[in-house]
Amino acid sequence: QRSGMARKNKKKRTHVEEESAEKAGGEKVPKSFVLRRGKVPALVRELIKDTRKMMSPFTALKLKERKSNSLKDYLALSGTLGVSHLMCFSTTETGTYLRLAKMPRGPTLYFKVEKYCLCKDVAASQRRPHSPGTEYLSPPLVVLNNMQSDERHLKLTDVMIQNLFPAIDVDTVKLQQCRRVVLFRRDPETGEFDLRHYVVNVKAAGLTKGVRKILRRPKLPDLSKYQDISEYVMGGGGASDSEADDMDDSRVEIQAGQKAIEGHHGARPTKEAEEAAVKLTEVGPRMRLSLLKIEDGFCQGEVLYHSQVSKDPVEVAARRAEMNKRKADKEARKQQQRENVQKKKHPRVSSTGSDADDSDTGEGHPMDSVKGGDGLWSDDDDDVAYYKQQVGEEPEAGTFRHAKKARVENKKGGGSGKDRGPKGGEKAKKTIAEEIAHRKMLKTKREKQKAKKRIKSKKK
């Protein structure tokens, strides 16, 4: 009997556990941001979308850039989201450029995009373009060609491109996850890099085009115009000449139980070992890149390589010393700012108050220069005496509300209650400054009330 509770359906064919390698305790999977800086043409925006699709599934496909966002904003998010690389496109009057940076500390590679081709252009040039399926749920395999060199900048470029994609373990990798290939090829004559993106198709080998077409179709083809099925098979089954024949170097052996050969509903498991033909179908994008320079830090720092500018060791040492000096000055300014912030967080408490600490010596106070035994100013003097000493005449009545010395004299002389300070139920006299502030407040309040009345009258 079925239970009354509904079961939660889970996708089996298209569901992929995210970050399975990290959950298993393996190495961290490299993730990337693909974005643009500044204004770029519409074709470059399409190129960015195609690049994000190529870098999937470990990239932000629907990343929204804003003019207010800076590289520091993406750098601050990289630690939280686990992003390890940044690919930034920009356009100037001279061309389109690509920055490939390792987050958060660099290095940064600067490329110039000499030529590029979008995915839709690649599909338009093919007679039978590939229809996208579930191949973008698994990361691509990276293939490097002509990248081996003793030069320092080529070694660094090789390592950066390899670390841009997840590493694979040959012993444990599943064949059904090897669905895409990204090729980086270096031209030894010009030194430029060619980028290609392919989809891997695995088909049964040793079969004619007609038999392969029968196996690929879920239903039998229309044989009404043939006298015998042999005519259909020998005639190629109506297959086009653009389909590549099985070559010896493209055949691989599939072990029993592996899911690699495509069937009607995805890859089917093989019952016994058999040969299969591997075919690569280009899906784009294409790019031809030329390396301009390499910087030590994240979009800044010492220039490790430049294709157009060369300096002797003396100039390099002078430049390095200047950069070290700038870095030291910057750290000193940061330390001074931190100290100033700490001083503002813990201000000095005046010792004239009733709750002041007797142990406070007043170090660092601006009035320490005039405080002392010279008689200019001390904590025991009141406001009236200090005003008389500095100005040379008596202050006006009511200037100082709480004159301690005047209250003491009134008590000793037995003056009338009117001359004494305000009692509990009486209002204290306001000073000139307090009266001016009170009148300004009343004036602002009246103006706000008039503005509200004008708004209400307009609505009516």
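1. Strands β2 and β3 form a hairpin with four residues between them, and in that turn G95 has a positive phi of about 155 degrees. Helices (H or I, at least four residues) and strands (E, at least two) are DSSP runs, numbered from the N terminus. This is a predicted model, in which local features need pLDDT of at least 70 and side-chain atom pairs count only at pLDDT 80 or more, while totals for chains, interfaces and linings use all residues. Residues are numbered from 1 along each chain as its sequence is written, and side-chain values use heavy atoms, with hydrogens and water left out.

2. The pairing of β2 (residues 85-91) with β3 is antiparallel and runs over seven bridges, where two strands are said to pair if DSSP finds at least two bridges between them. Within this pairing, S90 stands opposite Y97 of β3.

3. On to the next hairpin. Strand β3 also pairs with β4 in the antiparallel sense, over six bridges, and the bridge partner of Y97 in β4 is K112. Six of the seven residues of β3 are buried, so that the strand is mostly covered; buried means under 20% relative accessible area, exposed means over 50%, and partly exposed lies in between (1.4 Å probe, protein chains only).

4. The β3–β4 hairpin has five residues between its strands, and G106 in the turn has a positive phi of about 90 degrees. The peptide bond from M103 to P104 is cis, with omega near 5 degrees, and P104 is found in the loop between β3 (96-102) and β4 (108-117). A cis peptide bond also joins G106 and P107, with omega about 10 degrees, and P107 belongs to the loop between β3 and β4 as well. As background for a new reader, most peptide bonds are trans, and most residues other than glycine have a negative phi.

5. Which residue in the loop between β5 and α5 deserves a look? N146 lies in that loop, between β5 (141-145) and α5 (152-163), and has a positive phi of about 60 degrees although it is not a glycine. N146 is partly exposed, with a relative accessible area of 36%.

6. C299, which is not a glycine either, has a positive phi of about 55 degrees. The residue lies in the loop between β12 (286-295) and β13 (303-306). Is C299 buried or exposed? With a relative accessible area of 19%, C299 is buried.
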